[in-house]
Amino acid sequence: DRIFDVFCWDPIEIARQITLITQYLYRNIGCQELILGGWTKNDKMEKCPNVSRLIIRFNKISKWIMEEILSYDFSKDRAKVMEVFIAVAEELKNLNNLNDCFAVVTTFNHLCMKNLKKSWEQVSENAKNKQKDLSDICSILKNFEKIKNEFLEYKKNVKNINELQEGCIPYLAPYLKDLAFLEEGQKYFNQNKLINIHKIIIVGKIIKNIKESQMFVYSYKPVYSLSILSDPEPLDDEDLTSLSES
C-alpha cells in the first residue's frame, strides 16, 4: 500500500519502519565493499551494492520527507508535518539509527525548507528546540565529531557482544569519507613492495567499528501498510523547489 497519511501514524512507528529497511542494507555490507573506494566508481552497484543502495536510500528518505511537507498547501499544515518529522528524527536518534536521523535533519537544513518562513513561525518552540539540538549533533564540524561520538558512546555502553542489545546504525558517510581519503594517500604496498602496516591498521579499525555494530539487530515487526518507507520515490530537486516556492 503506497498511500501514506503522516497524521495516521505515531512518529515512533515511522522511525522503526524506516530503521528496519535501512538495517537490512547496512547489515549486508561486507568488508570487501569498504575497501578501495569502490562506492565512488562507475561500477559501484556491482562492487558495492549495499553501500550504494544505502547512499541512494539516504537521499530518497530526505527528499521524500521534503515532498511530504510540501504536498500540503497551507503553512499551518506544513508546520504540523514538520513537527511530526522532527519527532521522527528524535526517535531515530533514540533508536541509535544515526544514519537516518542525519537524513531527516538534512531535510530540514535544505534551502527549500529554510524558505518556508511562515511554516516555521507556526512550528512549536519545543519542536524548534529539538530540531536545533539534532542539527547540532549532525554538524559537519571537525569531521562530524559529534555524531561520531554518539556512535562511540553506544559502543562504550555495550559491555558484552553476546548480550541482547538494541541495534545501531552509525552515520556511514564520514567513515566512507575517511576510507576514501586513505585510498587516495599511500598505497598498501610501497615502491619496495613492502606492506604499509600503518594504513592497514587505520583502515582495519574503521571497518572493525562498522562490522561490530552490524551484530546488534532491531527486532521490530514490519508494518506492511507502511511499505512506502521501504523504497520511496520522491520528486526530483526541480519539482521540490517549485513546490517550496508555491
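Here are some notes on the aromatic pairs, one glycine and a lysine in this predicted model.

1. Ground rules first. Residues count from 1 along each chain as its sequence is written. As the model is predicted, local features need pLDDT of at least 70 and side-chain atom pairs pLDDT 80 or more, while totals for chains, interfaces and linings use all residues, and side-chain values use heavy atoms, leaving out hydrogens and water.

2. The whole structure gives twelve aromatic pairs (Phe, Tyr or Trp rings, the latter by its six-membered ring, with centres within 6.5 Å; planes under 30 degrees apart are stacked, over 60 edge-to-face, the rest tilted). Take F7 and Y72: with centres 5.7 Å apart and planes at 70°, the pair is edge-to-face. F7 sits in the segment before α1 and Y72 in the loop between α3 (49-70) and α4 (75-94), so they tie together parts 65 residues apart in sequence. F7 is partly exposed at 40% relative accessible area, and Y72 is partly exposed at 22% (buried is under 20%, exposed over 50%, partly exposed in between; 1.4 Å probe, protein chains only).

3. Y154 and F216 are another edge-to-face pair, with centres 6.0 Å apart and planes at 80°. Both residues are buried.

4. F58, F102, F144 and Y171 make up one aromatic cluster.

5. K148 has its charged end over the ring of Y175, 5.5 Å from the centre (for Lys, NZ within 6 Å of the ring centre and within 35 degrees of the ring normal; for Arg, CZ).

6. What is the relative accessible area of G38? G38 is buried, at 5%. Leaving aside residues up to four places away in sequence, G38 touches K44 and C48 (heavy atoms within 4.5 Å).

How values were computed:
Helices (H or I, at least four residues) and strands (E, at least two) are DSSP runs, numbered from the N terminus.
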